[in-house]
Amino acid sequence: MASPATPRWAALARDTNETKIQLALNIDGGAFPPDTDARLLKSDNVHASQSSKSQTIALNTGIGFLDHMLHALAKHAGWSLAINCQGDLHIDDHHTAEDVCIALGATYKKALGSPVGVARFGYAYAPLDEALSRAVVDLSNRPYAVIDLGLKREFLGKLSCEMVPHCFESFAQAAHITLHVHCLHGFNDHHRAESAFKAMAVAIRQAASHVKGKEGEVPSTKGTLSA
């Protein structure tokens with residue numbers, strides 16, 4: 001049972017024929033868990049990184065725009081996050097983007113643990129210049145995603161635009177959360193995508209926040225969020 005004093009962190013190493021991923025996450029920022037894969041800690045090829053007294057972010061998925069989006073997600077969610085991925089980018093971006101977001105979702109689920117004493121629901125609007133996105137999160141243990149970003153380009157950097165909503169879907173399915181993300185307006189696809197990731201970040205941070213006086217309580221009328 002998680003409490004404000006219990007670290008909400010997890011690490012994962014996921015190797016397949018298509019991708020090799022090392023990942024470490026602390027939902028509340030700060031240090032990484034002691035079982036973080038040594039390959040991740042030794043990685044010196046980092047595309048997106050930021051370090052402060054509250055957070056460490058170090059990302060290298062092999063896809064620059066995906067690193068940029070995950071950097072925004074981690075920063076505004078308040079996470080410490082490190083990811084390293086070697087994927088079959090000689091084929092295309094699909095396996096790498098999908099597997100990274102599956103791994104991130106699975107690690108988030110493990111780090112969160114039993115969602116007791118938390119808000120459970122979160123919602124946020126995030127603008128980026130002319131673009132505005134809305135995200136709504138339910139830590140429901142009911143995996144579902146509705147994503148509508150209205151992207152028009154074929155690629156953002158080396159990330160295909162069709163994979164951007166699929167990244168949200170893959171994360172939600174693996175994290176066992178319900179996630180609705182809509183870009184309400186905007187004409188620049190970079191801005192539309194980034195505002196969506198930032199909105200999700202703020203919403204999921206709100207949903208996972210501890211509620212004073214509700215310690216140990218399950219935020220559900222049926223008394224459980226485990227099934």
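Modeller: Helix α4 covers residues 163–175, and its 13 residues should span 18 Å at 1.5 Å a residue; the expected span is 1.5 Å times one less than the number of residues. The end C-alpha atoms are 18 Å apart, so the two agree. Helices here are DSSP runs (H or I, at least four residues) and strands likewise (E, at least two), numbered from the N terminus. This is a predicted model: local features need pLDDT of at least 70, side-chain atom pairs count only at pLDDT 80 or more, and totals for chains, interfaces and linings use all residues. Residues are numbered from 1 along each chain as its sequence is written, and side-chain values use heavy atoms, leaving out hydrogens and water.

Back to α4: 10 of its 13 residues are buried, so to speak mostly covered, where buried means under 20% relative accessible area, exposed over 50% and partly exposed in between (1.4 Å probe, protein chains only). Among the buried ones are Met-163, His-166, Cys-167, Phe-168 and Phe-171.

β8 runs parallel to strand β11 (residues 178–185), and five bridges join them; strands pair if DSSP finds at least two bridges between them. In that pairing, Val-146 stands opposite His-180 of β11.
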